[in-house]
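Q: I'm new to this one. Can you walk me through it?

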Amino acid sequence: MSRLVLVLGDQLSLGLSALRSADKSTDTVLMCEVADEASYAGHHKKKLAFIFAAMRAFASELRADGWTLDYVTLDAPGNTGSLGGELARAVQRRAPRAVVCTEAGEHRVRAMQRDWVETLGCDVTVREDDRFICSQAEFTDWASPRKQLRMEYFYRDMRRKTGLLMDGDEPEGGRWNFDTENRKPAKSELFMPTPLRFAPSAGTREVLDLVERCFPDNFGDLEPFWFPVTRAEAERAADHFLTEALARFGDFQDAMLRGEKFLYHSLLSPLINVGLLDPLDLCKRAEREWRAGLAPLNAVEGFIRQIIGWREYVRGIYFFEGPDYVRRNALGAVRPLPALYWTGETNMACMAAAIGQTREDAYAHHIQRLMITGNFALLAGIDPHAVHAWYLGVYLDAFEWVEAPNTLGMSQFADGGVVASKPYAASGAYINRMSDYCGTCHYRVKDKLGPRACPFNALYWDFIARHSDRFEKNPRMAQIVHSWNKMPDDQQQALRLQAAGFLDSLD
Ligand code: FAD
Ligand code: DLZ
Ligand code: SF4
């Protein structure tokens, strides 16, 4: 009797631990498109299409490699709509001697996997997901004795572990981090690389029809759909980034420009997160560009840090902090998510740009997520769970293990400072420095009061005032609280009234 190997929609890696432990001459791979996974978050239409198209392409890749596939499409007759239901049906269909799977990337699905071990009625093995550089056990060893879990120190350990950008025991260039060189605002006359666009295959077209038929009311534009969905396409997208954009990735990493959705960013996160690209391999390729003199150290170090530093670190935090992490709300924020997050209809040019491109392409780069939509939600006191649900749905790359620590931790400070040593809160001046949005905005970025004053200004001070007790104890925030406390009463009152008036106008 053969085994059944369950592969989930973000486990599209040929070297997946479950596949490694199986035998393609006897075992069957089960993949299933199910309504539950398509609806646990309000997924963007492009995200649904990307996952299903990539799953189908991976199934074809496995078939070509000699595997037997049992692939259940979303509209297959009898589809129960759940992973557990489909697994149970497949067990009935095939009567395997055992089921093997790789642990899921989310607490919710891991709980299901534990349940299958107890209830499925045949032997179930759940293998570790070893597609990461740092295992959970290793992260726990790193985190347990520490009072503060700062990414920078974790990152140095990952550099030592991988040997990336190392010269013996020392970091190449004499420094671990070149971020001080990576804060340049961009100008629109710069030459911008454009991401590779892939015409949908006949298989992807079928998926697009399916998504339009089954999820007509989901957020986001389905067409044009241009993302890579096969491994070969993902590799071409990676090569394109490494040769065309990496060299300037560092310089303009934090910049934002009207009409330039992608700047020098890689757009590789969805491909890495579903398993089409290997993160370590990508970093080694980036390092080779530097060693060959084709990209500067600040760019390559910055890129590698995002992957072996931030990406590994947030995964470590997600599992180390446990399932209750997503329920935290350290700042007690309760305001509902305003409709503008879905419609993009607002006079704030920066918010309209970030939300507009999110609707079009299920993409916004890190600084837009952190310092525009995230910053606004933080300052406005929006319920972090609503913010979390929004980010989990609207981005092509969103999976809870990576989205939640970024949203609840880094962006909303809802974890009380586990991820960030201070909240990422900023007034309009920061946005004006890093972008060209303000020049065309209805609001005036330099004004703090009055009907045309940039909303970020009064909201910023209102946020500081609301949380002054907490933040005056934070060494990185004490100075700003001090500035607030020194402000004359009438000025404080005017700013708070201005903020309240604006917040009242949100629906
Ligand atoms: P690039 O700028 O080209 O960066 C290169 C790679 O580094 C990315 O592809 C990604 O794999 C990795 N990376 C960069 N920053 C981070 C980070 N902070 N955490 C983890 N990996 C990182 N990233 C996701 O993959 N999924 C999410 O759901 C997600 N949600 C986010 C929510 C918020 C509120 C914020 C502030 C950030 C979020 N990020 C998320 C991190 C980051 O914004 C995206 O990884 C990045 O914008 C993806 O675009 P890119 O591939 O062009 O990245
Ligand atoms: C995100 C997603 C979606 C939309 N659909 C499916 C699906 O139909 N079948 C499947 O196996 N996986 C899907 N996924 C990915 C899972 O949600 C993901 O594996 C879990 O969230 C764990 O990270
Ligand atoms: Fe955004 Fe304020 Fe600038 Fe308008 S003026 S784009 S609201 S920061």
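Q: How many cavities of 30 Å³ or more are there?
A: The count comes to 4 cavities of 30 Å³ or more. A cavity here is a set of points, on a 1 Å grid over the protein atoms alone, where a 1.4 Å probe fits but cannot get out; a pocket is an open set with protein on both sides within 12 Å along at least five of seven lines; lining residues have an atom within 4 Å of a point. Grid points are joined across faces, edges and corners, and a volume is the space filled by probe spheres set on the points.

Q: Anything to know about the model before we go on?
A: The model is predicted, so local features need pLDDT of at least 70 and side-chain atom pairs count only at pLDDT 80 or more, while totals for chains, interfaces and linings use all residues. Residues are numbered from 1 along each chain as its sequence is written, chains are lettered from A and ligands numbered from 1 in the order in which they are written, and side-chain values use heavy atoms, with hydrogens and water left out.

Q: How much space lies in the largest cavity?
A: About 360 Å³. Its lining has 24 residues, and Gly9, Asp10, Glu37, Tyr40 and Phe399 lie nearest the centre. By class, that lining has 14 nonpolar, 3 polar and 7 charged residues. Ala, Val, Leu, Ile, Met, Phe, Trp, Tyr, Cys and Pro count as nonpolar, Asp, Glu, Lys and Arg as charged, and the others, Gly among them, as polar.

Q: Which helix gives the most to that lining?
A: α3, with 5 residues. α2, α3, α5 and α18 each supply at least two. Helices are DSSP runs of H or I with at least four residues, strands are runs of E with at least two, and both are numbered from the N terminus.

Q: Which ligand sits in the largest cavity?
A: Ligand 2 does. To sit in a cavity or pocket, a molecule needs more than half of its atoms within 2 Å of the grid points.

Q: What surrounds ligand 2?
A: 20 residues, the closest being Asp10, Cys32, Val34, Glu37 and Glu106. A residue counts as near if one of its heavy atoms lies within 4 Å of the molecule. The shell has 12 nonpolar, 3 polar and 5 charged residues, and α3 gives the most to it, with 4.

Q: Where are its polar contacts?
A: A polar contact is a pair of N or O atoms within 3.5 Å; within protein, one must be able to donate a hydrogen and the other to accept it, and residues adjacent in sequence count only if both atoms are side-chain atoms. A polar side-chain atom of Asp10 is 2.7 Å from an oxygen atom of ligand 2. On the backbone side, Gly9 has a polar atom 3.1 Å from an oxygen of the ligand, and Cys32 has an N or O atom 2.8 Å from a nitrogen of ligand 2.

Q: How much of ligand 2 is buried by the protein?
A: The protein buries 100% of the 490 Å² that ligand 2 exposes when taken alone. Accessible areas come from the Shrake-Rupley method with a 1.4 Å probe; for residues, only the protein chains shown count as cover.

Q: Switching to ligand 1. Which residues come nearest?
A: His265, Ser266, Leu267, Tyr363 and Asn406, out of 29 around ligand 1. α18 gives the most to this shell, with 6 residues. By class, the shell divides into 15 nonpolar, 10 polar and 4 charged.

Q: And contacts there?
A: A polar backbone atom of Ser269 is 3.1 Å from an oxygen atom of ligand 1. A polar backbone atom of Asp397 lies 2.9 Å from a nitrogen atom of the ligand. The protein covers 99% of the 810 Å² of accessible area that ligand 1 has on its own.

Q: What about ligand 3?
A: The residues around ligand 3 include Cys350, Cys438, Cys441 and Cys454. Its shell divides into 10 nonpolar, 1 polar and no charged residues.

Q: What is the volume of the second largest pocket?
A: About 230 Å³. Of its 23 lining residues, Ser13, Arg131, Ile272, Gly275 and Leu277 are the closest to the centre. The lining has 8 nonpolar, 5 polar and 10 charged residues.
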